Amino acid sequence: MATLELGLEEDVSAAPVRPARRLGALFRLAIGWMMLVFAVAILADMLPLPSPTDMDMLEKRAPFSFEHWLGTDGFGRDELARLVYGARVSLVVGLCAPVIGLTIGGALGMLAGYFRGRFETFVVGSMDVLLAFPPLVLALAVTAYLGQSIFNLTCILGVLGIPAFMRVARAATLSLARREFVIAAQALGATHARILLRELLPNVLLPLLAYFLLVVAVTIVVESALSFLGLGVPPPVPSWGSMIGEGRESLDVAPRLAFIPAIAMFLTVLSFNLVGDTMRALTDPRQGAL
Amino acid sequence: MSSGVLLSVEDVVVDLPTPRGNLRAVDHVDLAVGAGRTLGIVGESGCGKTMLSRAILQLLPRKARPSGRVMFDGQDLLRLPAEKLRRLRGRSLAVVFQDPMTSLNPVLTIGTQLIETIREHLELDLAEARQRGVDLLAAVGIPAPEQRLEQYPHQLSGGMRQRVAIAIALSCEPKLLIADEPTTALDVTIQAQILDLLAREQRRRHMAMIIITHDLGVVAGRTDEVAVMYAGRVVERAPTSALFKQMRMPYTEALLAALPKLDAAPHTPLPAISGRPPDPTRPLKGCSFAPRCRYAAGRCNTEKPSLSRAETPGHLYACFHPIETGAGAVA
Amino acid sequence: MMLQAAPDPLLRVENLVVEYAVGGKTVHAVSDVSIEIARGETLGLVGESGCGKSTLGRAVLQLRPAVSGKVLFDGHDLTTMQGEALRRMRRRVQLIFQDPIASLNPRRRIGDIVAEPLVISGVKDPGRRSQLVHDVLSAVGLDPALVIGRLPHEFSGGQCQRICIARALVLNPDFVICDEPVSALDVSIRAQILNLLEEMKARYGLTLLFIAHDLAVVKAVSDRVAVMYLGRLCEVGPSEQLFARPAHPYTALLIDAIPVPDPDIRPAETVPVGEPPSPIAPPSGCRFRTRCPRADARCANEVPELRAVAPGQFAACHHPLV
């Protein structure tokens, strides 16, 4: 009558249950580039770089040289220094804004997906209103009222990201809340807070984080676009978008002034997208089990 | 029987590369089905029975590597060009899957799917094809077939959908029908009806049939021959009545014994098979069933038994310590 | 109406009605069901998919709100309980599901999953928690040391079901509802789990409600069996008696439909009995009448009451077979 399966020895001998995943060279390159951008942005003050705002009117649009590795811009400011400090702005806005969206949108989405009913209708409805609001008009209105600053810009972009995060979190929660392990927790007498935090959150978090990386990429582009239009960070603070915008005026003489920040942004956005996509593919914990 | 062999599977191996290593889903399988006969393939999940049927139909996953020969009507299906194969499937070779909800296209009406299949393989005009569709639906026991043609799969119950799937499979008078767990998704009362329907249509059309199932009860009264699969191999093969009279392979016996019986008293402990099937990516050196087998001894763990003949004609088993005749009948 | 004169039943369901809306239509999932389960008994509940057997199981736990009726567990009416009182009661009733893999949170380790009921019920001492988890995992036949650090996807279906059983038993409940606990498992694993449930029942002194569609499985574990059809009880009786002499034509149909693994018993060409109607618009009178060979005008007009047909055996039929 003994039906024991006491040993799992066969499994133990087959120890490396999770085989090393082949992530590919592209993924590694993307991670490498992201780490480089983060490192220079964080260490910008410690790097032996000239000030990004010091103008040298004698050396306008200077070519590459030992003194100015990437030359100077139309006001004689060191292009490399501006690129590095610009990375700071791009990353601060690009990371902080989605964090706002992730926390508020994620929480709203999980609550809406779990409790359903009138609360869900209200949340989804108000998000639709927010989505319908033209983002450029919102940005214009806020900057006109509160002035241009990195903080304001981050808040605008963050709020605009809430609906998308809400949708991702709600969809994930809706499908999970019907799963039996959630019903099992209810049957055990778990409180709603416990079910949301212990059962649902770990499962919703990974799709949200994968989506987060994609939104970071989009936010960097949007920040650049707003800065390009003069709605982003106030000059003379460098940002990749404003650098492209300023470089536009000298496209015929020194196209590199627009292209160098554009390439930096292109590579960064591409890296975030690649990493985000790979993470989404790895979201399912069962993938490793065959 | 050799003259009337319609399908013969000869030494078929299917390998699937996985992240954990090579998975041998089907391991040197030989089978034969005569015209108008019924073969039952029995096994638990992961035993390779479905992969074997996919190999016969040449519907294997892209990365699968099959070898061996699948002779159908004088042609080797493994080496047939794609276009010829496509015409053969549906026309001479038909299949019914476990879940009729996923095997029917949800956005097309029953009629469209049925009539298209008929017209693809038979040279009939629309009106003739439609009439044939109505006849088929009536034949598989669907009430008001004319109206059903206009309905979508989701408007039918599970049993009705499976009947439609059978009608589509039968539409071109196939020589061989492969039914892969045709009743697993259905309730018992519906299961009996669907199995009766398959048996009736088979007799009427003199069609060969392969029933793939995990349920020995489904196979018992409705097949001529049974093949029992375990860990990718056929471990016992025999005419149905011979098999149930005298099982030689301990796995087959244990599988039957583990079924709860209606005539047993409540709370009778079931003679369960301990453990679980081996990891298909790490094949054992000896008999795959040895770790779970109560007769296993000596060379069972070091050598793979091959299929050998029993006294009864047509009865084959792969075991070094077969259950002796007269002894150890079903517990 | 008393179905069994047990003096002090552990669970008593009285005239329970559960209805819910699907796409604006009302599904009559459970209609006026009354049943009792004595302490230490296993009651099998069988029926085809959509007959309301799972809904009944969940309604007992108040996971589905009842429209009317009572669920008396150990004398307390669960339908009127709320909040903390209900949560405390639920700890004495546990649930085991059909899909063992889906009922384990894929991102939590087995040790945490099995300890969760203890955390919820306020066992604060981690040492005691881990002791209880170890004990219950060994009891269900798993090696705690090898299991607790792993994630559910590393286990097979049968092992996951053992883990689910461990989670259900760790609080030492009185009553366990098993909702199709073996229908997703292979035959060889199914027998292991059925035996394990029987062992656990003896060891923990459990009372079981065993819900399944497979009569042979239900018979193997049940003292009494209740047959449900389209939200109503058709027949209740001691297992042996019910299988030997079914009184309700539906019970007889179910028994006849089971494929028997014996080639000498040629499956009878069954009378075509069609398919169950939708629970959205169940037939009037006896709900089985549309598929019943014995149905007449009375069956269409009058709902049959459960009546005693033999000692301990009750059938809701105007024309019972015995």
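In this predicted model, 42 residues of chain B are in contact with 42 residues of chain C, contact being C-beta atoms, placed from the backbone, within 7 Å of each other. On the chain B side, α7 (158–170), α8 (188–205), α9 (216–220), α10 (240–245) and α11 (250–257) each give at least two residues; helices here are DSSP runs (H or I, at least four residues), numbered from the N terminus. The largest share, seven residues, belongs to α8(B). By class, that side has 21 nonpolar, 14 polar and seven charged residues. Nonpolar takes in Ala, Val, Leu, Ile, Met, Phe, Trp, Tyr, Cys and Pro, charged is Asp, Glu, Lys and Arg, and the others, Gly among them, are polar.

Over in chain C, α3 (residues 110–120) packs against α6 (residues 157–169) at about 30°, with the axes 7 Å apart. The two are therefore roughly parallel, a label for angles under 35 degrees. Ile110(C), Ile113(C), Val114(C) and Pro117(C) of α3(C) meet Ile163(C), Ala166(C) and Arg167(C) of α6(C). That makes six nonpolar, no polar and one charged residue.

As for confidence, chain A averages a pLDDT (the predictor's confidence in each residue, 0 to 100) of 79, and 86% of its residues score at least 70.

| Stretch of chain A | pLDDT | Contacts in the model |
|---|---|---|
| Residues 1–20 | under 50 | 27, beyond four places in sequence |
| Residues 286–290 | below 50 | 10, beyond near neighbours in sequence |

Residues count from 1 along each chain as its sequence is written, while chains are lettered from A and ligands numbered from 1 in written order. Local features need pLDDT of at least 70 and side-chain atom pairs 80 or more, whereas totals for chains, interfaces and linings use all residues.

Notes
Axes are lines fitted to C-alpha atoms, for helices over the stretch in contact, and angles run from 0 to 180 degrees between N-to-C directions. Angles under 35 degrees count as roughly parallel, over 145 as roughly antiparallel, 65 to 115 as roughly perpendicular and the rest as oblique. Two residues are in contact if their C-beta atoms, placed from the backbone, lie within 7 Å.
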